Amino acid sequence: QPADPPLPRALFDTMSASLPRPFPGYRINHAKGVLYEGSFTPAPGAAALTTAPHLQSTPSTLLLRFSDAGGVPDVADTAPSSAVRGLAFTFRLPDGTETDLMCINVPVFVTKTPQDFLGLLRAGAATKPGMPQPTPVAQFLDAHPETKRFVTLPKPVPDSFATERFFALHAYKVTNAAGESRFIRFRVVPEAGAAYRAADATAGLPPNVLFDELETRVAMGPVRYRLLAQVAAAGDPTNDPTQAWPEDRPQVELGTISVTRMVPDSATAERKVGFLPNRELPGLAVSDDPFLGTRAEVYGIAFPARQQ
Ligand code: HEM
């Protein structure tokens, strides 16, 4: 029996093997995406939470990538397999200081741990059409109620990327100038308000309906979102992205995201772009959520693998 590869490698390999065929040069997940430029203006209250330099008073430039889930670059925006949409972005201050946020449009993740995520991917790979019940996936779902919950969460198609909400899911530890630390979760809320299409109103829409709409909308003027920090209360779990914190936790305004321009050569440029969920700064640290480190290692394998 050959030894199991390390977890990040096993995750990357299992995800790659689950694609219908290889798509060289593309991301193996969130393969369909477009880059935009923008800016971030911090809100006056952000500094009360953290000394992180991008959350003081100086605006940052942003490089953002909107994406659909899955490893198929021409998936339809209305396909159920693409419904977990992504928004990842890099903040860049004038002095070159950078950090990233990687968000999805669902407030929780599908598994409690990276090991469980590998278990789910492997169960998926082992499940073949026509197999008798309970299939490996059905067995996994029965043993993991949090995964079953995620799978059954409604994931409606938004009117627009500009009417979708995004969540960075993991807890981060922020520290202010007085040395007070808190755990927060970042979320991105559209200024246009969240708005979705009825499930029976998506048939027949063009495959790039959301990306085309975003291009048209941004060409007419900036698309804006608010960046918020949901602040944990004592006892809120910091190591489990399947457990949302109660909605009545305080939400602190961190600033305004403005999406101003599509990157003209996005299809080429996106290959040289990668994001990480664990880029710490003074006043901004990772929590004990095991996904943060494991994901960074997976992305460290994935980025070079798509450079040929
Ligand atoms: C162990 C769990 C996970 C694995 C194995 C995984 C794997 C991947 C891989 C391989 C990519 C392509 C990366 C690249 O080529 O640069 C990717 C992209 C992405 N992932 Fe994950 N992921 C995980 C969890 C998450 C979570 C929890 C989130 C949300 C907070 C997330 C959000 C994203 C986003 C937004 C992208 C697209 C980034 C871009 O536009 O470049 N992932 N993921």
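Predicted model: local features only at pLDDT ≥ 70, side-chain atom pairs only at ≥ 80, totals over all residues.

Biologist: Thanks! Where does H30 lie?

Modeller: You'll find H30 in the loop between α1 and β1, the strand at 33–42.

Biologist: Which residues is H30 in contact with, leaving aside its neighbours within four places in sequence?

Modeller: Those are S67, D68, A69 and G86.

Biologist: What does UniProt place at H30?

Modeller: The UniProt entry, which is unreviewed, gives H30 the feature "active site". Such annotations may be inferred rather than shown by experiment.

Biologist: Let's turn to the ligand. Which residues come nearest?

Modeller: The shell around the ligand has 31 residues, and the nearest are R27, H30, R65, G86 and A302.

Biologist: How do the shell residues divide into nonpolar, polar and charged?

Modeller: There are 20 nonpolar residues, seven polar ones and four charged ones.

Biologist: And which element gives the most to that shell?

Modeller: That would be α7, with seven residues. Other elements that each supply at least two include α1 (7–17), β2 (60–67) and α2 (114–126).

Biologist: Tell me about α7, then. How many residues does it have, and how far does it reach?

Modeller: Helix α7 has 16 residues, and from its first C-alpha to its last it reaches 23 Å. That is close to the 22 Å expected at 1.5 Å a residue.

Biologist: Which residues of α7 are buried?

Modeller: They are F291, L292, T294, R295 and V298. These residues lie on the same side of α7, because they cover an arc of only 165 degrees around the axis. In general, an α-helix has 3.6 residues a turn, so residues three or four places apart point the same way.

Biologist: What covers those buried residues?

Modeller: The cover includes α1, α2 and β10, the strand at 284–286.

Biologist: One last thing: what does UniProt list for "binding site"?

Modeller: The unreviewed entry lists Y299, which is found in helix α7.

Biologist: Why does Y299 count as partly exposed?

Modeller: Y299 counts as partly exposed because it has 19 C-beta neighbours inside 10 Å, whereas buried needs 20 or more. Not counting residues up to four places away in sequence, Y299 touches G274 and L276.

Note on methods: Residues numbered from 1 in each chain as written. Near = placed C-beta within 6 Å. Helix = DSSP H or I, 4+ residues; strand = E, 2+ residues; numbered from the N terminus. Nonpolar A, V, L, I, M, F, W, Y, C, P; charged D, E, K, R; others polar. Contact = placed C-beta atoms within 7 Å. Expected span 1.5 Å × (residues − 1). Buried ≥ 20, exposed ≤ 12 C-beta atoms within 10 Å, placed from the backbone. Arc of directions from axis to C-beta.
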